[in-house]
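The sequence and structure are shown first.

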Amino acid sequence: MKVVVFGATGDQGRAQVRALAQAGHTPLAVSRGGNHASAFGGEVQPLRADFGDHGSLARAVAAGDAVFINLPSTSFQAAAPLVAATAAIAGAARAAGSRAIVFNTSLPVPRDKLGFAAQDARHEMRRAVLDAGVPAVIVQPVVFLDNLLKAWAWPSIAASGTIVYPHKETLDVSWICHDDLAALMVAALERPALAGSIFDVGGPDTVRGPELARRLGAAWGHPIAFRSQSIEDFCAGMNAVFERVATLEADRLVGELGRIYRWYNEAPEHPFKVDMAPVLAKLPVTLTPIATWAARQTLPGPIGGPAGSPAA
Ligand SMILES: NC(=O)c1ccc[n+]([C@@H]2O[C@H](COP(=O)([O-])OP(=O)(O)OC[C@H]3O[C@@H](n4cnc5c(N)ncnc54)[C@H](OP(=O)(O)O)[C@@H]3O)[C@@H](O)[C@H]2O)c1
């Protein structure tokens, strides 16, 4: 199938473009720039579209047989235009006779709205996709392993060999990598009988922070510790980020972030813990263990801290 990938130049979208090509499909990679020379080595067909321009979304959708939807954060910008864009993509898919939509919510979305802005926006997007009259599957990933190599997590690993993360020490997390999310989306695309399904997805290993650190340390040949960051410290750090990049006011965003992270840590329904057995029965892919993922990564730099000290 020719698959139109919205958000193709983002971290999650790139993995989907690769996975589609590997599975023998033809990804059509959408971004605002429409220039993917650096992202894909010039081998993938680019499409230009903007979530604020519904005509461009419809033209992009009409170029393919099916659609993968990835959306940017609604923590940094107003949600309503992105909800409207999702509805526009879904409507365009119906008009174009698309064979399938696979929507990556990028984060856990409970069945009912709980009053968390980021989740509630994804809830409305999900509704728009499922109501479009096109066979659609929703894939809802938990926390990405790939986050650990990003600017908000890697510096503490580089400086002191410590993962500093706003998860309590006893929080069970089914860390998933972008490549596994992509593989699950391709499997969903290829199974029209699953239309209407909503899948919470994680990786094959559910671990607590100290065990995550131990497995990464073993793979990277350097002891890694885990330090549970308080929600207050996490929010203080994010305040600086929001003041720099967000078009919404930082105070409200930070308050919202604190509320949702408290929920992630304390909710009795364990939003970061996923039993993948029933999912894999329907979406049969081989998931990547934490140790295998770690061994495959090119690290952003050397790991700091005293080599030989035991990982906490
Ligand atoms: N579960 C987790 O562990 C986790 C971790 C990180 C992020 N997330 C979530 O994942 C989502 C995406 O993350 P991110 O924002 O960091 O993604 P990102 O990697 O920055 O990618 C965003 C993508 O959206 C595209 N895009 C942005 N604005 C657009 C517009 N107006 N029109 C068309 N395309 C547009 C970008 O394309 P161009 O810029 O090339 O046009 C890019 O491909 C967010 O909801 C975030 O909260 C979850």
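## Second largest pocket

H1 gives four residues to the lining of the second largest pocket, the largest share. In this predicted model, the elements that contribute two or more lining residues are helix H1 (11-22), helix H7 (178-189) and helix H12 (290-296). The lining is made up of 14 residues. Those nearest the centre of the pocket are Arg 18, Asp 146, Lys 150, His 178 and Gln 297.

Sorted by class, seven of the residues lining this pocket are charged, four are nonpolar and three are polar. The space in the second largest pocket amounts to about 290 Å³. Rolling a probe the size of a water molecule over the atoms shows where empty space is left.

## Ligand site

An N or O atom in the side chain of Thr 9 is 2.5 Å from an oxygen atom of the ligand, and for an N or O atom in the side chain of Arg 32 the distance to a ligand oxygen atom is 2.7 Å. The backbone also takes part: a polar backbone atom of Ser 73 lies 3.2 Å from an oxygen atom of the ligand. The ligand taken alone exposes 910 Å², and 73% of that is buried by the protein.

## Residues with positive phi

Most residues other than glycine have a negative phi, and most peptide bonds are trans. Ser 106 has a positive phi, near 70 degrees. Ser 106 sits in the loop that runs between strand S5 (100-104) and helix H5 (117-130). Is Ser 106 buried or exposed, and what is its relative accessibility? Its relative accessibility is 15%, so Ser 106 counts as buried; the cut-off for buried is under 20%.

A positive phi is also found at His 270, where the value is near 50 degrees. The loop between helix H10 (250-266) and helix H11 (277-282) holds His 270.

Notes. Residues are numbered from 1 along each chain as its sequence is written. This is a predicted model: local features need pLDDT of at least 70, side-chain atom pairs count only at pLDDT 80 or more; totals for chains, interfaces and linings use all residues. Side-chain values use heavy atoms; hydrogens and water are left out. A polar contact is a pair of N or O atoms within 3.5 Å; within protein, one must be able to donate a hydrogen and the other to accept it, and residues adjacent in sequence count only if both atoms are side-chain atoms. Accessible areas come from the Shrake-Rupley method with a 1.4 Å probe; for residues, only the protein chains shown count as cover. On a 1 Å grid over the protein atoms alone, a cavity is a set of points where a 1.4 Å probe fits but cannot get out, and a pocket is an open set with protein on both sides within 12 Å along at least five of seven lines; lining residues have an atom within 4 Å of a point. Grid points are joined across faces, edges and corners, and a volume is the space filled by probe spheres set on the points. Ala, Val, Leu, Ile, Met, Phe, Trp, Tyr, Cys and Pro count as nonpolar, Asp, Glu, Lys and Arg as charged, and the others, Gly among them, as polar. Buried means under 20% relative accessible area, exposed over 50%, partly exposed in between (1.4 Å probe, protein chains only).
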